[in-house]
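Let's take a walk through a protein model together, from its overall make-up down to single residues. Have your viewer open and follow along.

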Amino acid sequence: MQQEPVTVFMHGEVAARIAPDGKGGGSLRYDGTYRSNRDAVPLSLSLPMNVQDHSPEATASWIGGLLPDNPRVLERWYANEGVSPPTPLGLLRTRVGRDCAGAARFVPEGDESEVLGRGGSLKGLSDSDVAKEMRSMAADLSYWLPDAEEAYFSLGGYQAKTALHLLDDGTWARPSGNTPTTHILKPSPTTQPEMAAVEHVCLDIARRLGLDAADSTLETYGGVKVCVISRYDRRRGGDGWERVHQEDACQAMGLHPHLKYEAQGGPGIAQMGDLIRRSSARPREDIKSFRDTLLYYWLIVNRDAHARNYSFLIEPSGVRLAPIYDPGSVLPGARKRIGSYELAMRFGRDFTVYRSHAKDSLSTLSAYLRAEHGDTLSRAEELAATIVDCAEKSIAALPAAHQTPPLEKMLLGLNKRSGECQKTVRAARSIISAANRNRRNKTGQAEHPPTASGSQVAPGDDAQSPTQSGRLEKAQCGHKSTRTGKRCIMGAGHTSPHRYKR
Ligand SMILES: Nc1ncnc2c1ncn2[C@@H]1O[C@H](COP(=O)(O)OP(=O)(O)OP(=O)(O)O)[C@@H](O)[C@H]1O
Ligand SMILES: [Mg+2]
């Protein structure tokens, strides 16, 4: 049964076929007509359309990224859908492959007309239906989808979630046929009753800071707090709801989904920056959005900002970094020193929050991103200075019953983080001043004027500058000893005495 090919549809057109390789995977072949369509987009940036055939390995990374990360959910879906042997391709042939992140839809070869010819339908859900589902999910994190219904969706990630369609009258429905889901509902687990509130508040603070973040509301169903998030990969067009294609950064890099954390071999900030620069239709804007997101996550201490929590929208008009989704913060529930938490990507030279406050961490970040260091410092300062106000407003906007001690703790934590992060910006500025002083001493000239972009840092002035590969090379102080004529080998802006090569 699973040996039959699977057809991949995009916007009602056959985009590709995946032929099983007999080992659980399959190679992907783009459809010739699809490839020649001017509006066609690649299924993944790692599966470019100028190549018609893609290997099972390349195909596996993309497919794997469309399925949940929680092994218990996968086990449950394999069992419920009767997928044996349990392979990702086998699962995507079933109902779950009909509504994924992005626009791709999977249909067993031969069943295309049955699935695509019948339009769409919606089965209305009462508030008590939704409450029942949310309670089931809060108690059992692997319950993402009713076991026996004609309902569908697949999404990545570990946390309990389901995807539904919101009707114009504000009620929920389960779509089938061609109708897409429009929202993601993430209930708080029974063991962490405030999780949904924290996710909503983190999205809301981001929006109040002017960052591009998915829309969300905080709701309660059956006593369970639920973060309800609008899907940015669904759009209302003339003919109703449409799917917009997207993929996460692991898929875009052709990396298996388990390579999402940098510490486990996944991409870091420099690799993410490279990916944005080479893929985005507006690389400068998207690098800035990525930088702002990183600074925001640094402030709120989001230790789960791994490569699968960044995505790209892939449209005929070009590729863009997707809005912020799935933010989190350790501040509401911190049980140890904030400094000892580790971030998902090295911020500066190290993963720990403590080391992210090293004097050179922000210049390293600028170097990773090849961004103007002066802009990075200004944005860091601006976000740190306004975040507490945004957080206060965000929490105050919630009904009183939602203004709970964890959110108050988050506010207190943010107050402290705002101060710490501003202190780090000041330390970074002192490095620049010291470098400028050194230069004045060396050349007898006035302080280097600001660059065109307003940065106080002239090209090459960063304590570090990136090489093509994103590897960092440290700029040296270069002070010349009047006695020996040798140059100082310390990093630019060092505050300890000069040291010369022996
Ligand atoms: N607002 C959104 N619009 C469209 N797609 C989204 C949105 N939010 C999340 N997704 C997609 O759903 C996937 C899973 O969502 P999310 O990251 O929120 O889940 P999670 O279980 O909390 O993840 P993690 O395991 O990282 O904690 C994302 O990787 C992304 O592909
Ligand atoms: Mg996630």
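The paragraphs below go from the whole chain to its sheets, its core, its ligand and a few backbone details.

First, some ground rules: this is a predicted model, in which local features need pLDDT of at least 70 and side-chain atom pairs count only at pLDDT 80 or more, while totals for chains, interfaces and linings use all residues. Residues are numbered from 1 along each chain as its sequence is written, and chains are lettered from A and ligands numbered from 1 in the order in which they are written.

The protein chain has 13 helices and 20 strands; helices (H or I, at least four residues) and strands (E, at least two) are DSSP runs, numbered from the N terminus. Of its 502 residues, 45% count as buried. A residue is buried if 20 or more other C-beta atoms lie within 10 Å of its own, exposed if 12 or fewer, and partly exposed in between, with C-beta atoms placed from the backbone. Two residues are in contact if their C-beta atoms, placed from the backbone, lie within 7 Å. Among the contacts in the protein chain with a separation of 6 or more, 64% are between residues 24 or more positions apart.

Now to the sheets. Two strands pair if DSSP finds at least two bridges between them. Five strands make an open sheet with antiparallel pairing, in the order E4-E3-E2-E1-E5. Strand E4 (53-54) and strand E5 (104-108) stand at the edges with a single partner strand each, so one side of each is left without a neighbour in the sheet. Strand E1 (residues 6-10) pairs with E5 in the antiparallel sense over five bridges, and there Val8 has Phe106 in E5 as its bridge partner. In strand E3 (residues 26-30) you will find Leu28, which counts as buried because it has 26 C-beta neighbours inside 10 Å. Not counting residues up to four places away in sequence, Leu28 touches Ala16, Ile18, Leu47, His54 and Thr59. Leu28 and Ser55 are 27 residues apart in sequence, yet their C-alpha atoms are 6.7 Å apart in space.

Strand E8 (residues 172-177) is worth a stop as well. It pairs with strand E6 (residues 120-125) in the antiparallel sense over six bridges, and with strand E7 (residues 162-166) in the antiparallel sense over two bridges. Trp172 in E8 takes part in both pairings: it stands opposite Leu125 and is the bridge partner of Leu166. E7 and E8 form a hairpin with five residues between them, and Gly170 in the turn has a positive phi of about 85 degrees.

What holds the nonpolar residues in one group here? A nonpolar core is a set of buried Ala, Val, Leu, Ile, Met, Phe, Trp, Tyr and Cys residues joined through C-beta atoms within 7 Å. The largest such core has 126 residues, of which Val8 and Leu299 touch the most other members. Helix H7 (residues 195-208) gives the most to this core, with nine residues. Ligand 1 is surrounded by 21 residues, the closest being Gly157, Tyr158, Gln159, Ala214 and Asp326; a residue is near a molecule if its C-beta atom, placed from the backbone, lies within 6 Å of it. By class, this shell has eight nonpolar, five polar and eight charged residues. For these classes, Ala, Val, Leu, Ile, Met, Phe, Trp, Tyr, Cys and Pro count as nonpolar, Asp, Glu, Lys and Arg as charged, and the others, Gly among them, as polar. Domain 2 (120-244) and domain 3 (256-441) both give residues to the shell, so ligand 1 lies between them; the domain bounds come from an automatic or database domain assignment. Asn70 is found in the loop between helix H2 (56-64) and H3, and counts as partly exposed because it has 18 C-beta neighbours inside 10 Å.

Finally, look at the backbone. Most residues other than glycine have a negative phi, and most peptide bonds are trans. Ser84 and Pro85 are joined by a cis peptide bond, with omega about 0 degrees, and Pro85 is in the loop between helix H3 (71-80) and helix H4 (88-92). Val301 has a positive phi, near 55 degrees, in the loop between helix H10 (283-300) and strand E15 (311-315). Arg370 has a positive phi too, near 50 degrees, and is found in the loop between helix H11 (361-369) and helix H12 (373-396). Val301 is buried, with 21 other C-beta atoms within 10 Å, whereas Arg370 counts as partly exposed, with 14 C-beta neighbours inside 10 Å.
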